[in-house]
Amino acid sequence: MDLIELGKRIKATRRAKGWSQTTLALASGVSRARLEALENARLAEIGFKHLLRILNALDLDLRLTQFNRGRPTLEDLVAEGAG
């Protein structure tokens, strides 16, 4: 997952909670401007500390997994079934 996809997921989760960017900014301690840039793919990088604060505020976590060497992920299989 790249930073653009991460921003999209953060935005979708924030909206699903009914939160504004300001609400998430207050809950995470990350500026609203930084959140807006992340959600709209205008942020080249974000520090790990800021990312964890945003994810924690949204009740999300960051998982490390074994590198996928061509095996389909659950997301891949679901997408195939929907297509």
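Visitor: Where is Ala41 found?
Guide: Ala41 sits in the loop between α3 and α4. Please keep in mind that this is a predicted model.

Visitor: Why is Ala41 called partly exposed?
Guide: Its relative accessibility is 46%. Buried means under 20% and exposed means over 50%, with partly exposed in between, so Ala41 at 46% counts as partly exposed.

Visitor: What makes the phi of Ala41 worth a look?
Guide: Ala41 takes a positive phi of about 55° although it is not a glycine. Most residues other than glycine have a negative phi. This residue comes just after α3.

Visitor: Which phi does Asp59 have, and where is Asp59 found?
Guide: Asp59 has a positive phi of about 60°, and it is not a glycine either. You will find Asp59 in the loop between α4 and α5.

Visitor: How do you know whether Asp59 is buried or exposed?
Guide: We set its value against the cut-off. Exposed means over 50%, and Asp59 has 63% relative accessibility, so it counts as exposed.

Visitor: Why does Lys49 count as exposed?
Guide: Lys49 has 52% relative accessibility, and because exposed means over 50%, Lys49 counts as exposed. Its place is in helix α4. Between Lys49 and Val30 there are 19 residues in sequence and 9.6 Å in space, C-alpha to C-alpha.

Visitor: What is the pattern of the chain, read along the sequence?
Guide: The pattern is α-α-α-α-α, with five helices and zero strands. The C-alpha atoms fill a box of roughly 40 × 25 × 25 Å along the principal axes.

Visitor: Which residues of helix α3 are called buried?
Guide: Helix α3, residues 32–39, has Leu35, Ala37, Leu38 and Glu39 as its buried residues. The word applies because buried means under 20% relative accessible area. These buried residues of α3 pack against α1 (3–16), α2 and α4 (48–57). Over the whole chain, buried residues make up 24% of the 83 residues.

Visitor: Which residues is Ile54 in contact with?
Guide: Leaving aside neighbours within four places in sequence, Ile54 is in contact with Ile10, Leu24, Ser28, Val30, Leu35, Leu38 and Ile46. Contact here means heavy atoms within 4.5 Å.

Visitor: Which element has the lowest mean pLDDT, and which the highest?
Guide: Helix α5, residues 74–82, has the lowest mean pLDDT at 74, whereas helix α2, residues 21–28, has the highest at 98. The chain averages 88, and 90% of the residues score at least 70. Where pLDDT is low, the predicted coordinates should not be read in detail.

Technical notes: Residues are numbered from 1 along each chain as its sequence is written. This is a predicted model: local features need pLDDT of at least 70, side-chain atom pairs count only at pLDDT 80 or more; totals for chains, interfaces and linings use all residues. Side-chain values use heavy atoms; hydrogens and water are left out. Helices (H or I, at least four residues) and strands (E, at least two) are DSSP runs, numbered from the N terminus. Buried means under 20% relative accessible area, exposed over 50%, partly exposed in between (1.4 Å probe, protein chains only). pLDDT is the predictor's confidence in each residue, from 0 to 100.
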